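Hello,

Here is the structure we talked about passing on. Please open it next to this email and follow along.

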Amino acid sequence: MSLESITLNNIHFGNTFNVWKGSDSTGLFSEQFMPENEVQSESVLGQNGAYFFNQIYKPRVFNIPLFGEHLTKDMIKKLQQTLSFNTPKKLIYDTSPHKFIWVNINGEIDWRYVWTQDKYYNDLYNVLFELPLIALDPFYYSYYTSLDNYDYYNDIHSVFAQEAMDFGNKGIPSNIITNITSGTNFDIYNHGNMEAQLIIGLKGSGKNINIINNNTSKQCIISNMVNEGILINGQKGQITDGEIVNGQIINVHSLKTGLFDGDFIELQSGYNNFSITGTDLDLQSVSFLFRHTYI
């Protein structure tokens with residue numbers, strides 16, 4: 001069984017500390033397959049049972065067993081520094097480098113160790129410990145966004161190119177639609193197995209611009225735009241001016257809520273068929289910025 005490590009707080013534990021994921025007594029690695037879920041319901045006095053409203057995923061709480069070999073005191077100090085953070089950091093497994101999850105340290109960290117010295121009398125430690133983590137957002141996200149172009153297609157393509165080809169040989173569609181002057185249909189692909197939140201960037205002109213995800217029937221309308229950029233930010237629930245250039249959001253100055261009506265559209269797992277209609281359409285581009293989202 002090959003050694004597997006993790007990257008946390010942008011530091012790869014194997015390369016920096018010689019710290020690796022451990023296994024249980026059977027020699028198998030352990031990983032949380034599904035987070036705990038919660039059924040939301042309400043009972044009514046005098047009635048049997050309860051009314052179902054929703055089922056949600058709760059924060060992930062999990063431990064990662066780790067072992068380190070020949071850690072010096074300086075390496076231990078650096079490791080303590082790496083594990084001291086107050087805001088969520090990206091956790092990446094060696095076996096899934098295309099995705100990450102936001103985590104915080106969740107409790108104290110103890111370890112068991114064996115102390116030795118090398119021929120120069122430097123202190124060395126072989127250690128065993130568990131990393132207690134909590135992910136308030138229980139989902140994993142693709143490391144590169146849908147608009148990271150070269151990196152996106154090199155990193156993500158290797159993961160799901162064949163899977164995409166299996167869907168009727170459609171391949172992987174572009175996430176930027178250009179030169180829209182009349183009603184049009186196209187596909188957007190979410191490799192994740194959960195809904196992905198979208199930021200839609202429109203650049204150009206048009207009236208009553210209607211964007212529809214035909215898979216979900218969710219739609220939104222921009223009533224009017226004239227030679228400008230509009231962002232429909234489903235991640236923040238905001239409509240603003242601004243543009244998406246080379247995968248980056250720029251020129252955001254003010255809210256544009258009066259122009260918007262409808263839903264903040266999400267992507268289902270797999271192919272999503274979209275339609276764009278409107279009058280006096282002259283859209284230079286419509287960009288779909290998202291991360292593939294996994295449970």
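Asp24 counts as partly exposed, at 41% relative accessibility. (Buried is under 20% relative accessible area, exposed is over 50%, and partly exposed is in between; the probe is 1.4 Å and protein chains only are considered.) Asp24 sits in the loop between strand 3 (19-21) and strand 4 (37-42). (Helices, H or I and at least four residues, and strands, E and at least two, are DSSP runs numbered from the N terminus.) From Asp24 to Leu79 it is 55 residues in sequence and 23 Å in space, C-alpha to C-alpha.

A word on the source. This is a predicted model, in which local features need pLDDT of at least 70 and side-chain atom pairs count only at pLDDT 80 or more, while totals for chains, interfaces and linings use all residues. Residues are numbered from 1 along each chain as its sequence is written, and side-chain values use heavy atoms, with hydrogens and water left out.

Ser23 is in the loop between strand 3 and strand 4. Its relative accessible area is 39%, so Ser23 is partly exposed. Setting aside neighbours within four places in sequence, Ser23 is in contact with Leu28 and Phe29. (Contact means heavy atoms within 4.5 Å.) Ser23 and Thr82 are 59 residues apart in sequence, and their C-alpha atoms are 23 Å apart in space.

Now helix 2. Which residues of helix 2 are buried? In this helix, residues 73-82, they are Ile76, Leu79 and Thr82. Seen down the axis of helix 2, the buried residues fall within an arc of 120°, so they line one face of the helix. (The arc is that of the directions from the helix axis to the C-beta atoms.) Asp74, Lys77, Gln80 and Gln81 are exposed on the other side of helix 2. What covers the buried residues of helix 2? The cover includes strand 1 (6-8), strand 2 (11-12) and helix 1 (13-17). It also includes strand 6 (60-71), strand 9 (111-117) and strand 10 (123-135).

Two residues have backbone angles to look at. Asn18 is not a glycine, yet it has a positive phi of about 60°. Asn18 lies in the loop between helix 1 and strand 3. With a relative accessible area of 25%, Asn18 is partly exposed. Ser217 is not a glycine either, and its phi is positive, about 65°. Ser217 is placed in the loop between strand 15 and strand 16. Ser217 counts as exposed, at 56% relative accessibility.

Thr216 is also found in the loop between strand 15 (199-213) and strand 16 (218-233). Is Thr216 buried, exposed or partly exposed? Thr216 is partly exposed, with a relative accessible area of 26%. Thr216 and Phe62 are 154 residues apart along the chain, and 33 Å separates their C-alpha atoms.

Leu283 belongs to strand 22 (residues 270-289). Leu283 counts as buried, at 1% relative accessibility. What is Leu283 in contact with, leaving aside neighbours within four places in sequence? The partners are Thr178, Asn179, Ile180, Leu202, Lys203, Gly204, Ser205, Ile209 and Met225. Leu283 and Ile212 are 71 residues apart along the chain, with 16 Å between their C-alpha atoms.

Last, the whole chain. The secondary structure comes to 4 helices and 23 strands. The radius of gyration is 24 Å, well over the 19 Å that the globule rule gives for 295 residues, so the protein chain is more spread out than a compact globule. (The radius is taken over C-alpha atoms, and the rule is 2.2 Å times the number of residues to the power 0.38.) Along its principal axes, the C-alpha trace spans about 80 × 60 × 40 Å. Of the 295 residues, 41% count as buried. Among contacts with a separation of 6 or more, residues 24 or more positions apart account for 68%. The protein chain exposes about 16300 Å², and carbon and sulfur atoms supply 47% of it. (Accessible areas come from the Shrake-Rupley method with a 1.4 Å probe; for residues, only the protein chains shown count as cover.)

Best wishes
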